[in-house]
Amino acid sequence: MWTRRGILFFVFTIVLTLWAYSQHQQRFPRPEFETGYEQPDATTPEPRSGAVELIDVLVLTLALSGGVWLALKKRSRKGILWLSIFSLAYFGFFREGCICSVGSLQNIALSLFDPGYAVSLNVLAFFVIPLVFALFFGRIFCGSVCPLGVIQDLVVLKPVKLPHGLQTVLGLLPFLYLGFAVLFAATGTDFIICRYDPFVGIFRLGAPFHMIMLGVLFLLIGMFVSRPYCRFLCPYGVLLGWMSRFSRRHLTITPAECIECKLCADSCPFDAIEAPTGDLSAERTSKNRNRFIVYAILIPVIAFAAGFLLNRAHPYLAKANSTVYLADLLVTQPEMQFNTENLDISTFMASGKSLATLTEEADAIRHSFAAGSWYLGIFLGLVFGFTLLNQVIYRRREGYTPHKGDCVSCGRCFDYCPVQKHAENTNHE
Amino acid sequence: MSDNKYIDRRNFIERSFRIGLGAAVAGTAGYTLLKLTRRSYVWQIDPFKCTQCGRCQTDCVLPVSAVKCVHAYDLCGYCDLCGGYFKPDANELSTAAENQLCPTQAIKRQFVEEPYYEYIIVEELCIGCGKCVKGCTSFGNGSLILQIRHDICVNCNECAIARVCPSDAISRIPVDEPYIIKGDFSFTNKS
């Protein structure tokens, strides 16, 4: 009784063999040349070798070490300026802004959440080394190494002081940017930091029009509001700020003791110098204490509420993912399947992948968005809460000091301090 | 004395945070190190997945795309009527511009011997639009392929073309084998 099934099987085998044969056969077989024609090789220029990538890491480490020496030991604004110009030339114009530490945080985020993705050693080095330096010496990276920071630093023309309240509110933006960048990177959706990098187009001397315009706009604003990207957007600056706030050592304005002459206060274009504080009145203290208690109780509430809100919004966030977007489109508007104008749809339809597989993939991504948006909301809520709390915490300061979180160690204040190094000796007599 | 106490407390808090942050960085680095690859990665197009949609030309961050047509000569049939060189409605098989498929005339047609012609990509002119690749894949052997040229590519953290590629043909591949060139079908069929 092998007849029917056997015949079917036989036919099937033949078809399969023919199909396989046709796959291996070229439509137009390669000719046998008689004139001694030699076939050229396909052009495949080699990528940059690993050794060159190591050089990048080496230059980064050396530049950071040089920056530490210039900012903490030599106390030379001129030296920092020249180092920063070198860094701009090397990391910016020569290496064309890639890889940069700011963008590397997305690679790290993706590698933490996507088991199938691993970063290479130089990406990890670019992420970790500036953070470690910040933990020990402050934001040396921002002041003298980061090409994005340096290009803005060089155009500072006539910096205006922003009102404290505005600064605090704008200061929340980097956290927002960081949170969304990590969410989009971790879900494999997009690397938004790289996509909206305002200066990379300038480094490459060519980019889409809107990117160049964005860069030029930032530089124009940067003439008056110094380092606008660093202070009010840069997501890596958030991490560096955390490290720097608790850094072991940090640049000091005066080489010896502050005489509270106030000369340095106006020298800082980034409003990162804090004035000495007097003693608080008893009334003010009790007011602060009451507010502190209220805010402290509010923090978990804010965090939960923000998490809940963003979680509600996750279907919209997930639409940023092209897979989710395509699946949504095809499910809600099935007639779109026959739309040949839309390249994504027509390619998907031609690929032979089923709609079920696509929606399954989309659901998985949406699921990670649902979880991620909770974390993101809680993170943003906490940031907001602690910013509030910070407003009522009183910290006594003697003398003018750089705000360790905000100071980028550019060294502009050095030359304004009238206290001489040798005064140290006379003071301690 | 009370002053010292205050300073001590602040120092203590600072140190605790410092250690905490240091541990966080070390933890992240360590976790990443666990699956760190010693090999670096570069972006590349899988010619077997590529559908020649034309986005390589438009979406690269560089002014002129790092994607160029590469000729895998192993596969070429050296046809007189080349689907990658001539427009489907070409008037005659000549090198006249109006017959050419390539918008920048980046393909050079050279006579080898009767009836065979050699086709050479002039890389300075190629913009990576993939029109010739589509022509060759539809009508010929598919010996013209799009590849990311690593002497031009800046190796972005995330390739801007990969993000919009409708057929997911662009992925990171190890740097030791940075090209996926179609070869003789009888022995290579990488995916």
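Entry 1. I began with a term: a salt bridge is a side-chain nitrogen of Lys or Arg within 4 Å of a carboxyl oxygen of Asp or Glu. I also reminded myself that this is a predicted model.

Entry 2. Asp151(B) and Arg149(B) form a salt bridge, with their closest N and O atoms 3.3 Å apart. Is Arg149(B) buried or exposed? Arg149(B) has a relative accessible area of 5%, so I noted it as buried.

Entry 3. I then found a network in chain A: Arg77(A), Asp153(A), Arg227(A) and Arg412(A) are joined by salt bridges that share partners.

Entry 4. I searched the whole structure and got 18 salt bridges over all chains. One of them pairs the side chains of Arg95(A) and Asp56(A), at 2.8 Å from N to O. What does this pair tie together? Arg95(A) sits in the loop between α3 and α4 of chain A and Asp56(A) in helix α2, so the bridge links parts that are 39 residues apart in sequence. The cut-off for buried is under 20% relative accessible area. Arg95(A), at 14%, is therefore buried, and so is Asp56(A), at 1%.

Entry 5. Next I followed Asp190(A). Asp190(A) forms a salt bridge with Arg195(A), where the closest N and O atoms are 2.4 Å apart. Asp190(A) is buried at 7% relative accessibility, while Arg195(A) is partly exposed at 34%. Asp190(A) also reaches across to the other chain, meeting the side chain of Arg163(B) in a salt bridge of 3.7 Å, N to O.

Entry 6. That took me to the contact between the chains. How many salt bridges are there between chain A and chain B? I counted 3, along with 16 residue pairs in polar contact, both residues at pLDDT 80 or more. Among the elements of chain A that give two or more residues to this side are α1, α4 and α5. The most comes from α5(A), with 7 residues. By type, the residues on chain A's side are 33 nonpolar, 17 polar and 20 charged.

Entry 7. Last, I looked up the extent of the contact. Chain A contributes 70 residues and chain B 66 residues. The two chains bury about 5600 Å² between them, with 58% of it on carbon and sulfur atoms.

Methods
Residues numbered from 1 in each chain as written. Chains lettered and ligands numbered in written order. Heavy atoms only, no water. Contact = heavy atoms within 4.5 Å. Buried area = accessible area lost by both parts, 1.4 Å probe. Polar contact = N/O pair within 3.5 Å; in protein donor to acceptor, adjacent residues only side chain to side chain. Helix = DSSP H or I, 4+ residues; strand = E, 2+ residues; numbered from the N terminus. Nonpolar A, V, L, I, M, F, W, Y, C, P; charged D, E, K, R; others polar. Buried < 20%, exposed > 50% of the residue type's maximum accessible area, 1.4 Å probe, protein only.
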